[in-house]
Amino acid sequence: MGYVGSYLWSVRQMVGSMLVLAPGAQVLLINDRGEGYFQHRRDIDLWEIPAGGCELGSTFASTAITEVFEETGLTIDPADLTAFACISDPAIHVIEYPGGDRTHCFSLCFVARKWTGEVAADNDEVTESGFFPLDAPPSPLHPPTALALELYARFLKTGAFQAR
């Protein structure tokens, strides 16, 4: 689902550009070479991993699966998602969009190493995409994506769920 008609869009119709709290999910897709999938967003002119906001009746996992499918065309089985972190720090995850809308996002971060299908980036939201080494991602990175990569590296070292 695109932005128009989404839950957040509906809320915006009532509150305008006021800061809104929004749950969502981010997904780090890692291929067999250990590279992560990144996409360059048209609206914010930054690189990020697939991500998006929850809709009414959804869960963090269903949001992750839906966003990956909508943005890449890939299908993920819920059993192939591993939650590794959450990001809610307003210093990192308050996003101001063109037009002045501000959203404080609370994201559950997942990693997936298995999926079906072939990448078909959403040309409405994404200008380019591809797999890149995790230690040399494309630039400039969206700050929540940069933090997600840091938290994933800590997760791999410690095995502990990360929170920021």
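Trainee: What is a disulfide, and how many does a search of the whole structure find?

Mentor: A disulfide is a covalent bond between the sulfur atoms of two cysteines. To count as one here, the two sulfur atoms must be within 2.5 Å. This is a predicted model. Searching the whole structure for disulfides gives a count of zero.

Trainee: Is Cys86 buried or partly exposed, and how far is its sulfur from the closest cysteine sulfur?

Mentor: Cys86 has 25% relative accessibility, so it counts as partly exposed. Its closest cysteine sulfur lies in Cys109, too far for a bond. The distance between the two sulfurs is 7.4 Å.

Trainee: Which strand pairs with β7 in the parallel sense?

Mentor: Strands of a sheet pair through backbone hydrogen bonds, either parallel or antiparallel. Strand β5 (residues 81-87) joins β7 over six bridges in the antiparallel sense, and β6 (residues 94-96) also pairs with β7 in the antiparallel sense, over three bridges. A parallel pairing with β7, built from 10 bridges, is made by residues 20-29, which are strand β1.

Trainee: How many of the residues of β7 are buried?

Mentor: Strand β7 spans residues 102-112 and is mostly covered. Among its bridge partners, Phe110 of β7 pairs with Val27, and Ala112 of β7 pairs with Leu81. Of the 11 residues in β7, the number buried is nine.

Trainee: Which residue in the turn between β6 and β7 has a positive phi?

Mentor: β6 and β7 form a hairpin, with five residues between them. In the turn, a positive phi of about 100° belongs to Gly99.

Trainee: Is His93 buried or exposed?

Mentor: His93 is found in helix α3 (residues 90-93). Beyond its neighbours within four places in sequence, His93 has contacts including His104, Cys105 and Pro144. Its relative accessible area is 3%, so His93 is buried.

Trainee: Which side chain makes a polar contact with that of Glu48?

Mentor: Glu48 is found in strand β3 (residues 47-48). With a relative accessible area of 6%, Glu48 is buried. Its contacts beyond four places in sequence include Tyr37, His142 and Thr145. The polar contact, at 3.1 Å, is with the side chain of Arg41.

Trainee: How far apart in space are Glu48 and Ala148?

Mentor: Ala148 is one of the buried residues of α4. Glu48 and Ala148 are 100 residues apart in sequence. In space, their C-alpha to C-alpha distance is 9.8 Å.

Trainee: What span does helix α4 reach, and which residue follows it?

Mentor: Helix α4 covers residues 143-158, which is 16 residues. At 1.5 Å a residue, 22 Å is expected, and the span from first C-alpha to last is close to that, at 23 Å. The residue after α4 has a positive phi, near 75°, and is Gly159.

Notes:
Residues are numbered from 1 along each chain as its sequence is written. This is a predicted model: local features need pLDDT of at least 70, side-chain atom pairs count only at pLDDT 80 or more; totals for chains, interfaces and linings use all residues. Side-chain values use heavy atoms; hydrogens and water are left out. Helices (H or I, at least four residues) and strands (E, at least two) are DSSP runs, numbered from the N terminus. The expected span of a helix is 1.5 Å times one less than its number of residues. Buried means under 20% relative accessible area, exposed over 50%, partly exposed in between (1.4 Å probe, protein chains only). Contact means heavy atoms within 4.5 Å. A polar contact is a pair of N or O atoms within 3.5 Å; within protein, one must be able to donate a hydrogen and the other to accept it, and residues adjacent in sequence count only if both atoms are side-chain atoms. Two strands pair if DSSP finds at least two bridges between them.
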